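Please open the structure in your viewer and keep the selection tool at hand.

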Amino acid sequence: MGATNRPQDLDSAILRRMPTRFHINQPSVRQREQILRLILENESVDETVDLVDVSKDTEGFSGSDLREMCRDAALLCVRDFVHAHNDSPSEDFIRPIRQSDLQRAIGKMKKSKSAGGHGVLLHAALD
């Protein structure tokens, strides 16, 4: 069994060996909010972050897309820390993820996401 959110990239040999397909829709707004809460539960997130807004802005994102987006937002905090630390070594903590970090990461993901594909395609070889 395999899963992909990029079925157009699958090799024809793989498709022959896994002839059965199941289409799974992308998560709904509520499901994306729940996924975001799980991804960010152990992260330092600013208390003003509105995950409902973030989930509304991520229409068409898979769980994998959301994870990557959160990783990008967290890296923005690390970059700020590195730049601030080089300028002033007195700062010795990485700031929490802000709404603006998530919005920048959403923009980046939207640019990199390929057009088409609104779900995950499971392929299975059923014997």
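**First stop: around Ser55.** Select Ser55 together with Val29, Arg32, Glu33 and Leu36, the residues that Ser55 contacts once its neighbours within four places in sequence are set aside; contact means heavy atoms within 4.5 Å. This is a predicted model, in which local features need pLDDT of at least 70 and side-chain atom pairs count only at pLDDT 80 or more, while totals for chains, interfaces and linings use all residues. Residues are numbered from 1 along each chain as its sequence is written, and side-chain values use heavy atoms, with hydrogens and water left out.

Ser55 belongs to helix H3, residues 51–57. Helices (H or I, at least four residues) and strands (E, at least two) are DSSP runs, numbered from the N terminus. Is Ser55 buried or exposed? Ser55 is buried because its relative accessible area is 0%; buried means under 20%, exposed over 50%, and partly exposed in between (1.4 Å probe, protein chains only). Now display Val52: its backbone oxygen lies 2.7 Å from a polar atom of the Ser55 side chain.

**Second stop: the nonpolar core.** Select Leu36, Leu51, Val54, Met69 and Leu102, which have the most contacts inside the largest nonpolar core, a set of 16 residues. Such a core consists of buried Ala, Val, Leu, Ile, Met, Phe, Trp, Tyr and Cys residues joined through side-chain atoms within 4.5 Å. Two or more residues come from each of helix H2 (29–40), H3, helix H4 (63–87) and helix H5 (99–112). The most, 5 residues, come from H4. In soluble globular proteins, nonpolar side chains tend to be buried together. Centre the view on Val54: beyond four places in sequence, Val54 is in contact with Leu36, Met69, Gln99, Leu102, Gln103 and Ile106.

Select Glu68 and Arg71, which both lie in H4, 3 residues apart, about one turn of the helix. The two form a salt bridge, with the closest N and O atoms 2.9 Å apart; a salt bridge is a side-chain nitrogen of Lys or Arg within 4 Å of a carboxyl oxygen of Asp or Glu. Glu68 counts as partly exposed because its relative accessibility is 32%, and Arg71 is partly exposed at 42%.

Next, select Asp72, also in helix H4. Asp72 is buried, with a relative accessible area of 7%, and touches Ala105 and Lys108, not counting residues up to four places away in sequence.

Select Asp80 and Arg95, whose salt bridge has its closest N and O atoms 2.7 Å apart. This pair links distant parts of the chain, 15 residues apart: Asp80 is in helix H4, and Arg95 is in the loop between H4 and H5. Asp80 is partly exposed at 36% relative accessibility, whereas Arg95 is buried at 12%. Arg95 and Asp101 are both buried. Elsewhere, salt bridges that share partners join Glu68, Arg71, Asp72 and Lys108 into one network.

**Last stop: the whole protein.** Finally, select everything: the protein has 5 helices and 3 strands, and its elements run β-α-β-α-α-α-α-β from the N terminus on. Of the 127 residues, 29% are buried. The whole structure contains 7 salt bridges.

Note on methods
Polar contact = N/O pair within 3.5 Å; in protein donor to acceptor, adjacent residues only side chain to side chain.
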